[in-house]
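Subject: Structure handover

Hello,

Here is the structure I promised to pass on. Please open it first, then read my notes below.

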Amino acid sequence: WYRLAAEQGDATAQYNLGVMYGTGSGVIQDDSEAVDWYRLAAEQGHASAQTNLGNMYDTGRGVLQDAVLAHMWYNIGGANGNELGSDNRGLIEEQMTREQIADAQALARRCMASDYQDCD
């Protein structure tokens, strides 16, 4: 049912499929597939999906590891009400330069201003 709803654009179903693929719950574990579903939900403003997408970039699961994009997605998830996103943004900042943080903040502003269509 999640897949059917996700394929019809339901952000919560897309997020849940991302979680399932990320953990291997009910499906074969596949980080790249998880990223794809998180991204679809994140682009609809789903705060938990945005935070989880940040985590995928933070850890390099399913994507190339990228602290700037991780910070951007954590920042957006936090701005949309996901407390873990805000917490993780603070943690990753400890490993980033000021320039990287400024780049991530600029990307986050651009992403949000474009209604999540210009995010990478």
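Start with Tyr116. Tyr116 counts as buried because its relative accessibility is 9%. Buried means under 20% relative accessible area, exposed means over 50%, and partly exposed is in between, using a 1.4 Å probe and protein chains only. Tyr116 lies in the segment after α7. Its phi is positive, about 70°, although Tyr116 is not a glycine.

Now look at Asp115. Asp115 also lies in the segment after α7. Asp115 has a positive phi of about 60°, and it is not a glycine either. Is Asp115 buried or exposed? Asp115 counts as exposed, because its relative accessibility is 51%.

A word on the source. This is a predicted model, in which local features need pLDDT of at least 70 and side-chain atom pairs count only at pLDDT 80 or more, while totals for chains, interfaces and linings use all residues. Residues are numbered from 1 along each chain as its sequence is written, and side-chain values use heavy atoms, with hydrogens and water left out.

**The whole chain**

The chain has seven helices and zero strands. Helices (H or I, at least four residues) and strands (E, at least two) are DSSP runs, numbered from the N terminus. Along the sequence, the pattern reads α-α-α-α-α-α-α.

How does the chain compare with a compact globule? A compact globule of 120 residues would have a radius of gyration near 14 Å, and the chain agrees because it has 14 Å. That radius is taken over C-alpha atoms, and the globule rule is 2.2 Å times the number of residues to the power 0.38. The C-alpha atoms fill a box of roughly 45 × 25 × 20 Å along the principal axes.

Of the 120 residues, 43% count as buried. The accessible surface of the chain is about 6,300 Å². Carbon and sulfur atoms hold 47% of that surface. Accessible areas come from the Shrake-Rupley method with a 1.4 Å probe; for residues, only the protein chains shown count as cover.

Contact means heavy atoms within 4.5 Å. Take the contacts in the chain with a separation of 6 or more: 51% of them join residues 24 or more positions apart.

**The disulfide**

How many disulfides does the structure hold? The structure holds one. A disulfide is a pair of cysteine sulfur atoms within 2.5 Å. Here the pair is Cys111 and Cys119, with 1.9 Å from S to S. The link between Cys111 and Cys119 is right-handed, with 75° about the S-S bond. Both Cys111 and Cys119 are buried.

Leaving aside neighbours within four places in sequence, Cys111 is in contact with Met72, Trp73, Ile76, Tyr116, Gln117, Asp118 and Cys119. So Tyr116, where these notes began, is one of the contacts of Cys111.

**The core**

A nonpolar core is a set of buried Ala, Val, Leu, Ile, Met, Phe, Trp, Tyr and Cys residues joined through side-chain atoms within 4.5 Å. The largest one has 33 residues. Which members touch the most others? They are Tyr38, Leu53, Tyr57, Met72, Trp73, Ile76 and Cys111. The elements giving two or more residues to this core are α2, α3, α4 (47-59), α5 (67-79) and α7 (98-113). Helix α5 gives the most, with seven residues.

- Gln14 sits in helix α2 (residues 11-23). Gln14 counts as buried because its relative accessible area is 4%. Beyond its neighbours within four places in sequence, Gln14 is in contact with Ala6, Gly9, Trp37, Leu40, Ala41 and Gln44.
- Asp31 is in helix α3 (residues 31-42). Asp31 counts as buried because its relative accessibility is 19%. Its side chain makes a polar contact with the side chain of Gln29, at 2.5 Å. A polar contact is a pair of N or O atoms within 3.5 Å; within protein, one must be able to donate a hydrogen and the other to accept it, and residues adjacent in sequence count only if both atoms are side-chain atoms. Not counting residues up to four places away in sequence, Asp31 touches Gly22, Met56, Arg61 and Gly62.
- Val68 is found in helix α5. Val68 is buried, with a relative accessible area of 15%. Not counting residues up to four places away in sequence, Val68 touches Met96, Gln100, Asp103, Ala104 and Leu107.

Best wishes
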